Amino acid sequence: MTTLWERSRQVAVQAILDTAVRLFAEQGYEQTTIAQIAREAGISQRSLFRYFGTKEDLVCGDQEALGELLKRTVEQQPAEMSAWDALRAGFEVILTANHPPERALELSRLVFDTPSLHARYIEKRLRWQAELVPVIRARLSNGSGRPAPDTQAKAIVATVFACIDTATELWAGHDGRIDLADLYDQCLAAVRDHG
């Protein structure tokens, strides 16, 4: 059960995010300032920074928390599940944890259409990948006591991230009319079946 404070915080975050996304869509990400967002949302810049640490966080969300959720979800999958399926399960959880589909679509367009945001997005994703490699190495060893090679774990993690990013870019390019999970499965099948 959420407290009144938590509900108030969620309402404030949503109002700030709504304002930011509208301004980004109207005038572009680079042209929109934190001062404009705060003014239009009816709060001070200082208050805005209590909710969002950086301007990028308005679009990309709390990447550290999402990365931790992804890692924890992959770790919690049954031992007999393949590394590929465990990673897919992790991504399914974070896709629904961050934003509703309509908002995710708006934000995905911003990320893929704004070079500075896309660079920041990739930078944060590389951190997620590094944190997942030991988890996937352990899963690949399958209780044998011998860790799987780094190359295998890194290749699997990098492939999954490339497929997620490709699927998301295609999904945004098609205005969300194609199922994102289906696009991911198609991307992964293209790599695994024809590599």
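These legends walk through a few close-up views of one predicted protein model.

View 1. Let's start with the overall picture: the protein has ten helices and zero strands. Along the principal axes, the C-alpha atoms fill a box of roughly 55 × 35 × 25 Å.

View 2. An unreviewed UniProt entry lists residues 10–70 as "domain: HTH tetR-type". In the model, that span is 74% helix and 0% strand, and its end C-alpha atoms lie 22 Å apart. The unreviewed entry in UniProt also lists residues 33–52 as "DNA-binding region". How much of the chain over residues 33–52 is helix, and how much is strand? Here the chain is 75% helix and 0% strand, with 14 Å between the end C-alpha atoms.

View 3. How can we find empty space in a protein? Rolling a probe the size of a water molecule over the atoms shows where empty space is left. In this model, the largest pocket holds about 660 Å³ of space. Its lining consists of 31 residues, and the closest to the pocket centre are I94, L95, A104, S108 and L180. Which helices each supply at least two residues of this lining? They are α4 (57–60), α5 (63–75), α6 (83–98), α7 (101–113), α8 (115–141), α9 (150–173) and α10 (180–194). The helix that gives the most is α6, with seven residues. Sorted by class, the lining has 20 nonpolar, seven polar and four charged residues.

**View 4. Helices α7 and α9 cross each other.** On the α7 side, the contact is made by P101, A104, L105, S108, R109 and F112. On the α9 side, the partners are D165, T168, E169, W171 and A172. What classes do the residues of this contact fall into? Six are nonpolar, two are polar and three are charged. Look again at A104 and S108: these α7 residues take part in the contact with α9, and they are also among the residues closest to the centre of the largest pocket.

Definitions and conventions:
Residues numbered from 1 in each chain as written. Predicted model: local features only at pLDDT ≥ 70, side-chain atom pairs only at ≥ 80, totals over all residues. Heavy atoms only, no water. 1 Å grid on protein atoms, 1.4 Å probe; cavity = no way out; pocket = protein on both sides within 12 Å on 5 of 7 lines; lining within 4 Å. Points joined across faces, edges and corners; volume = space filled by probe spheres on them. Helix = DSSP H or I, 4+ residues; strand = E, 2+ residues; numbered from the N terminus. Nonpolar A, V, L, I, M, F, W, Y, C, P; charged D, E, K, R; others polar. Contact = heavy atoms within 4.5 Å. UniProt positions renumbered as here; feature names shortened; annotations may be inferred.
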